[in-house]
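The sequence and model are shown first.

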Amino acid sequence: MNPPAAASPIFDVHSHLVPRVDDGARSLAAVRDGVGRMVERGVRTIVTTPHLNGSMTRSRGYLEDFLGRVDEAYGDARREVRDAFPGIRFLRGHEVSLDAADPDLSDARIRLAGSDAVLVEWPHLRVPSSGTLSILRSLRSQGVRPLVAHPERYRGYRGRLELPAAWREEGAFLQVNYGSLAGRYGRRARAIAARLLSRGLVDCLATDFHCRPHLRLYIRAARAAFRLRGAEEAWTLLTATNPERICRGEDPLPMPSLEWNGEHPAP
């Protein structure tokens, strides 16, 4: 039996590794430990994404104060990563909660690696009853390319795929968490993630790692699930090629046909 092919270096676009600015890393020691765990699992580029409420961006003074604090903490973390893990790219964006219909996302520090892409989420893990398409359309009109975080985890749309599909038709991209494929967020999230994959609606995978010792990354479990299904090409697209393309301001490549039985648990 031939050994599995070596995986391409993973490009992760969703994590919380800036210390003391959100519910992620609490210290530089935690950053060093968390990044070490990511590196062990094949991650070579990290675009870390502290939480930011979109409503904050409408107050220039408040936004500058917050981004200034993130600048300082991110600088400390980046030096820690550079010294401990030479060759690992440690970049920055933000995960923006769309709690306002008209956030100002023009500051390059908010965008993924300074590109035109922004990681966004619906507030409180619930899809608003209306208006999501108009919000995404407005962002696109401003030159922002929204990457919607973990669509499989939201409540409020009953898991029907018409809405995520419509988000993509408006020019948004979709990012699924590795942990969802392994049941980290329950059966419902795993089943929706499987359906999104089967429909070719997923543009990339990411850790959403909050850098705590008790939290798993689920990269190995997710890769084993792809390998079990003979989907190595899709794995490379979703974990390496497409995340990098998005952060370069390019469209992700379409995912190849993938049959994914949502009832089969990830190893």
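## Burial of strand β8

A residue is called buried when its relative accessible area is under 20%. The model is predicted. By that cut-off, 5 of the 5 residues of strand β8 (residues 173-177) are buried, so the strand is largely enclosed by the rest of the structure. The burial applies to both faces of β8: Phe 173, Gln 175 and Asn 177 are buried on one side, and Leu 174 and Val 176 are buried on the other.

Which strands pair with β8, and in what sense? Strand β7 (residues 145-149) pairs with β8 in the parallel sense, over 3 bridges, and Leu 147 stands opposite Phe 173 in β8. Between β7 and β8 the chain passes through helix α4 (residues 162-169), and this β-α-β crossover is right-handed. Strand β9 (residues 204-206) also pairs with β8 in the parallel sense over 3 bridges. In that pairing, Val 176 stands opposite Leu 205 in β9.

## The six-stranded sheet

These strands belong to an open sheet of 6 strands with the order β3-β5-β6-β7-β8-β9 and parallel pairing. The edges are β3 (51-53) and β9; each has a single partner strand, so one side of each is left without a neighbour in the sheet. From one strand to the next, the twist averages 35°.

Leu 52 stands opposite Val 96 in β5.

## The three-stranded sheet

A further open sheet has 3 strands in the order β1-β2-β4, with parallel pairing. Its edge strands, β1 (10-12) and β4 (89-92), each pair on one side only. Here the twist averages 15° from one strand to the next.

Strand β2 (residues 43-48) pairs with β4 in the parallel sense over 4 bridges, with Ile 46 opposite Phe 90 in β4. Helix α8 packs on this sheet and touches β1, β2 and β4. The direction of α8 makes about 50° with that of β1.

## Aromatic pairs

How many aromatic pairs are there, counting rings of Phe, Tyr and Trp whose centres lie within 6.5 Å? The count comes to 6. In one of them, the ring centres of Trp 122 and Trp 167 are 5.6 Å apart and the planes are at 50°, so the pair is tilted. The term applies because planes under 30 degrees apart count as stacked, over 60 as edge-to-face and the rest as tilted. This pair links distant parts of the chain, 45 residues apart: Trp 122 is in the loop between β6 (117-121) and α3 (132-141), and Trp 167 is in helix α4. Both Trp 122 and Trp 167 are buried.

The rings of Tyr 178 and Trp 235 also form a tilted pair, because their centres are 5.8 Å apart and their planes are at 50°. Tyr 178 lies in helix α5 (residues 178-181) and Trp 235 in helix α8 (residues 232-247), so this pair too links distant parts of the chain, 57 residues apart. Tyr 178 and Trp 235 are both buried.

## A ring cluster and a charge

Ring pairs link Tyr 178 and Trp 235 with Phe 226 and Trp 260 into a cluster. What lies over the face of Trp 260? Arg 229 does, at 4.0 Å from the ring centre.

Note on methods:
Residues are numbered from 1 along each chain as its sequence is written. This is a predicted model: local features need pLDDT of at least 70, side-chain atom pairs count only at pLDDT 80 or more; totals for chains, interfaces and linings use all residues. Side-chain values use heavy atoms; hydrogens and water are left out. Buried means under 20% relative accessible area, exposed over 50%, partly exposed in between (1.4 Å probe, protein chains only). Helices (H or I, at least four residues) and strands (E, at least two) are DSSP runs, numbered from the N terminus. Two strands pair if DSSP finds at least two bridges between them. A crossover is right-handed if, with the strands pointing away from the viewer, the path from the first strand over the helix to the second runs clockwise. Axes are lines fitted to C-alpha atoms, for helices over the stretch in contact, and angles run from 0 to 180 degrees between N-to-C directions. A charge sits over a ring if NZ of Lys or CZ of Arg is within 6 Å of the ring centre and within 35 degrees of the ring normal. Contact means heavy atoms within 4.5 Å.
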